[in-house]
Amino acid sequence: MTDTSHGSTGDRRAFLRGAAGGTALGALGMMGAYSYSPLRHAHFAKDENEKADIGAVRSLKVTNISETSWFNNADLIGDIRGAGGLLVNQYRFNWPPFANKNGKLAEGSYADGIKHIKDDLPNNLERAWAFQMENAVHPENAGGYAALLEIELRDGSTKKILLDSGWSYDWIDKSFQREGIDKMLANGEIDALVISHEHFDHFWGFPVTMKYAPEIDVYVPEGFYEEGFQYVKDSGHRGALHVLKPGLTQMFDGVAIYNFAIPIITRVYGENSLYVNVEGKGLVSVTGCCHQGIIRFAETALQEIQMEKLYGIYGGLHISPFDDWDPKYDDLVFTLGDYGFEKIGANHCTGLLTVKKFVARGLPVVQGTARFGSKDPVYLGNGDQIGFGVDVALMSPASAHLSGSAGAPATGGDDGSVKGATY
Amino acid sequence: MQSEPMERYGEGYLEERNLVQRWPSPIPQILNLVLLAGLFYATWWIFQDPRGWLRMYTPYVGYMYCRWLLIIFIWMVYIFNFWPFRRAWLERTHPLIKAVVLTSVAVVIMVLVIKGFFEGLLGSYAMAYFSPSEMQKLGITDFFAEEYAALAILMFAALASWLSPAWVVGMENAPWQRERQPVRGITILLVTFFLATIIFFMTMHPHMGILYEQWQSFAAIAPPWWHEFADTVSGNFHVSWIMCCTVVVWLVETIWERYPFRLIRHDWLRRCATFFGIIAIAVCCHFFLYFAQELWWGEAVRGTRRLFAPDWRWLHVGEMMIFYLLPALVITFYFNNWPRKGSPTSRILIRTLVALLAAVVLYWLYYNTSHLFLGTQKGFSHPQQFPMIPTIWMINIMLINHWFMDNWPGWKIAPATRTVPGDAAKTGAAPSMQAAE
């Protein structure tokens, strides 16, 4: 009897354990099945937030001062690899303009570098750069990114914004001179310098702008590191410094900056991008590198800003800056067309391969002239212009006469497709 | 006729060793965890940290070595039962010497596998994407050639670190459980490696096939077959469920004590239910944790990057799971699989909830501090933010301590429980994660 009793108790226990285990597994299974079923979309009802009215402008013209941040991918990536990878602090590389006398890769620092050039900033940049040419790691590889935005407001006046100040003092100063930016800065024609992010190729040429306009209003994203703020001071800036918090900040009628709080390689954080709302056309996205991703940028605009539609793009989209690839980039190539952009002026860190894939997929890419260091006419090159709400010549007036041999936009293959792209 | 005593290696060693604390709790626990944390940080600085010495956290090169070290440990202990090291040596050698010897052996095997088998053999004579030098010849920049090859090689390790222990835990080494070492080890190694190869070709090979221009459409399905369902062409979709499988294997083995599957009495039914049940639980976690991210951050948007990108969300499922594994192993290795009393259901439930809570705390701590002391990237979603590397690095160190060092210095093997060579080698019992007392 006792044995039987124990046996039935044991059976009941086993049954209960089995039932509990089975129920738990069944619940987990149901949860898993529901989690990826179409039913889950009911949880994502879009909140209709009140969208910001940033106003509108009549037109926007962008002149590409320089999209060539460096000249040799292998050298740049070789340095990054040698220094320990993409997470190494950019001020450690011993790249110009922060070379120390040691000149060894990955053994530099801001403090060690700036002491050699501080006295030369911003008025003796030639001497400061000469020191770099002697001591820095790959000083000849430095270029830089900068663009001029000319915005015609609805009242007929014009605002000019300089987006970024490049990297090499020598390269960016010559680029400024080529496009007449030096004179515009000196004459006070440029209203503001917007630094998109702290990266070497966008920010380290800061003293060149200070050389011509030390009192200019400067906008940087919150997320700048201590070295970056010190460099602004050490470069001789005497004007207002606006540190933008994450989110939308109106600049003036029709123009706003959005700071995306995002981590970026080589220990950089946060990126400013611009929204320009062109009357009768739609919203134009202007970016330095767009580390947040162009789709995120577009989705943010659709959720937060009043507009007719998404209209245009200018700038780097940071897809394959080193001619590298990852299959996830193909997701962008598949989907960018769904957003209805009518004019895409993507260059710089977008990467040649990405733009070739855009073109092969039929996206409205504005092609360029491949002058002044730009490698390929598949995208807008140095000295090229693009207009949104206004027709402009492909070559900037200031540079057109300098490029008699510059070719027209090439299309590559016999059928008009661009060679080297899959789609 | 008297038979020759059978040579005994490490079969049953983990189950039979009686680990006793040298001091009352919580001194051994605190001592070991502080020492492990110190060892973790020192080795992280030497090998991985982008500010440190060798700076292997590129991230894929460091990740590849980290994953392969893990799977070699699993092979040595779970598949080969420490063969060719003898039981007597395991019992009598000082834990520090064992750690140095066994870890050195693992490193040598790892280098042979990576440099010899993948880069040298497969990379030179089968698929160029396993070999950095072959890709460099094709014009890929050195840095990316190394990263791409590391990605392909580490994915094999990811698959093996699910399948190899799953065969031991789920299939109970069947049908080779009665074979002696090294026959059993070699057989299971080959079988699981074969399965890993098939799954690699169906999951990561199409990912590698569209990594290069032109798409390798004649050699791999392009775009990959899963891209509409997963909302991405990226192989991270598979990384997600494979990582879930890897973690669930260890959960079943440690804090779940192989419940509920052990209740099934029929051998083959239990084995199949365990092996495929682990996969089913993992797939549920795979979808549920993706959904949880959608609820927390918003719906994923295909084509975008970072936090909202489907490919990153899938990857992050795997990352979340590995945060769960770490406290589960700590509970088993250093807290005697607490609680030991009560019904299995209540014990498992408590452990599961404690590990879950600890995982949430660990997750929060990691993303708020790791960029300060590990040199990783700030934020959640940057491609250079790879929490699987430090967590698996830590797991490797814990495995060295638990498997090779008998939890030294906080624990020791009770001398009275030491065994002598005997017939236990015949049993072929599957090893299990022995909780320290």
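Helix 11 (residues 267-297) of chain B packs against helix 12 of chain B at an angle of about 115°, with axes 9 Å apart. Helix 11 of chain B is therefore roughly perpendicular to helix 12 of chain B. This is a predicted model, in which local features need pLDDT of at least 70 and side-chain atom pairs count only at pLDDT 80 or more, while totals for chains, interfaces and linings use all residues. Residues are numbered from 1 along each chain as its sequence is written, chains are lettered from A and ligands numbered from 1 in the order in which they are written, and side-chain values use heavy atoms, with hydrogens and water left out.

**Terms for helices and strands**

- Helices (H or I, at least four residues) and strands (E, at least two) are DSSP runs numbered from the N terminus.
- Axes are lines fitted to C-alpha atoms, for helices over the stretch in contact, and angles run from 0 to 180 degrees between N-to-C directions.
- Angles under 35 degrees count as roughly parallel, over 145 as roughly antiparallel, 65 to 115 as roughly perpendicular and the rest as oblique.

**Helix 11 with helix 12, chain B**

- Contact (heavy atoms within 4.5 Å) involves residues including B:Tyr290 and B:Trp297 of helix 11 of chain B and B:Trp312 and B:Met320 of helix 12 of chain B.
- The residues of this contact divide into 11 nonpolar, 3 polar and 2 charged (Ala, Val, Leu, Ile, Met, Phe, Trp, Tyr, Cys and Pro count as nonpolar, Asp, Glu, Lys and Arg as charged, and the others, Gly among them, as polar).

**Helix 12 with helix 13, chain B**

- Helix 12 (residues 310-334) and helix 13 (residues 344-373) of chain B pack at about 120°, with their axes 8 Å apart.
- The two helices are therefore oblique to each other, and their crossing is right-handed.
- Among the residues in contact are B:His316, B:Met320 and B:Phe323 of helix 12 of chain B and B:Leu362, B:Tyr363 and B:Tyr366 of helix 13 of chain B.
- By class, this contact has 16 nonpolar, 2 polar and 2 charged residues.

**Helix 7 with helix 11, chain B**

- The axes of helix 7 and helix 11 of chain B come within 8 Å and cross at roughly 140°, which makes helix 7 of chain B oblique to helix 11 of chain B.
- Helix 7 of chain B passes helix 11 of chain B in a right-handed crossing.
- In helix 7 of chain B, B:Trp162, B:Leu163, B:Ala166, B:Trp167 and B:Val169 meet B:Thr274, B:Phe275 and B:Ile279 of helix 11 of chain B.
- This contact has 7 nonpolar, 1 polar and no charged residues.

**Strands of chain A**

- Strand 2 (residues 146-153) and strand 3 (residues 158-163) of chain A run antiparallel and are joined by 6 bridges (strands pair if DSSP finds at least two bridges between them).
- A:Leu148 has A:Leu162 in strand 3 of chain A as its bridge partner.
- The two strands form a hairpin with 4 residues between them, and A:Gly156 in the turn has a positive phi of about 90°.
- Strand 3 of chain A runs parallel to strand 4 (residues 192-194) of chain A, with 3 bridges; A:Leu163 stands opposite A:Val194.

**Backbone exceptions in chain B**

- Most residues other than glycine have a negative phi, and most peptide bonds are trans.
- B:Phe82, not a glycine, has a positive phi of about 70° and lies in the loop between helix 3 and helix 4 of chain B.
- The peptide bond from B:Trp83 to B:Pro84 is cis, with omega near 10°.
- B:Ala174 and B:Pro175 are joined by a cis peptide bond with omega about 5°.

Terms used. A crossing is left-handed if the near helix is turned anticlockwise from the far one by less than a right angle, and right-handed if clockwise.
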